[in-house]
Amino acid sequence: MKPAVAVSILLLVAAMPLGATESKSIQIAAASSAAPEESRDGARVLGYDADGKVTELRAGSNELVCLADKPGDDRYSVACYHEDLEPYMARGRELIDQGVTGAERNEIRWKEIEEGKLAISREPRTLYVMTGDGYDEAAGAVANSYLRWVVYVPFATTESTGLSAKAGSSKPWLMFPGTAGAHIMISPPRND
């Protein structure tokens, strides 16, 4: 990492108290930066209020929903996804708030989909996930960002897609094949 970048990141981190909620404008800018450029201005943006509750920061005019970084955890991640995925994502957030994480959270949502209690589109729907070191307001971007794509294809299998279920660097692969949470992972090589 270049010294100037390291200093910028340190200043950025030092300026934001750990666990603090970013301002509404920063949450909107950071969250929507995960979306394709042509979709950013029209995306609905969800963020967090001072109590850490999810709230709508901006209404949308297209099919994307963007979610700001959750304050208080040890990673910086923003995401945008097709609006048809919102029930699935909202249920995931609800389960996390109840202390349910990891495989158990997935199993609950998948079972609810199979039972018809939770909706998810059977058509492919995309999720864009951007991680980094925080939002650099001066640069107008997430610092040290990395963007990956996820295409949800519920109940898809390796046979129905022709994709491997084995994770690999820079090649698409099918995660959780045959489940309600099946999705294609597309992770480009990192440039660091």
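1. Basis of the note. The model is a predicted one, in which local features need pLDDT of at least 70 and side-chain atom pairs count only at pLDDT 80 or more, while totals for chains, interfaces and linings use all residues. Residues are numbered from 1 along each chain as its sequence is written, and side-chain values use heavy atoms, with hydrogens and water left out.

2. Packing of α3 and α4. Helix α3 (residues 86-97) packs against helix α4 (residues 102-114) at an angle of about 135°, and their axes are 10 Å apart; helices here are DSSP runs (H or I, at least four residues) and strands likewise (E, at least two), numbered from the N terminus. Axes are lines fitted to C-alpha atoms, for helices over the stretch in contact, with angles running from 0 to 180 degrees between N-to-C directions. The angle makes α3 oblique to α4, a class left over once angles under 35 degrees are called roughly parallel, over 145 roughly antiparallel and 65 to 115 roughly perpendicular.

3. Residues of the helix contact. On the α3 side the contact (heavy atoms within 4.5 Å) is made by Tyr88, Met89, Arg91, Gly92, Arg93, Leu95 and Ile96, and on the α4 side by Arg105, Asn106, Ile108, Arg109, Trp110, Glu112 and Ile113.

4. Asn106. This residue of helix α4 has a relative accessibility of 14% and therefore counts as buried (under 20% relative accessible area, with exposed over 50% and partly exposed in between, for a 1.4 Å probe and protein chains only). Once neighbours within four places in sequence are left aside, Asn106 is in contact with Tyr88 and Phe176.

5. Most residues other than glycine have a negative phi.

6. Buried side of α2. In helix α2 (residues 24-32) the buried residues are Ile26, Gln27, Ile28, Ala30, Ala31 and Ser32. Their cover includes the strands β1 (44-48), β2 (54-58), β3 (64-67), β4 (76-82), β6 (135-136) and β7 (141-142).
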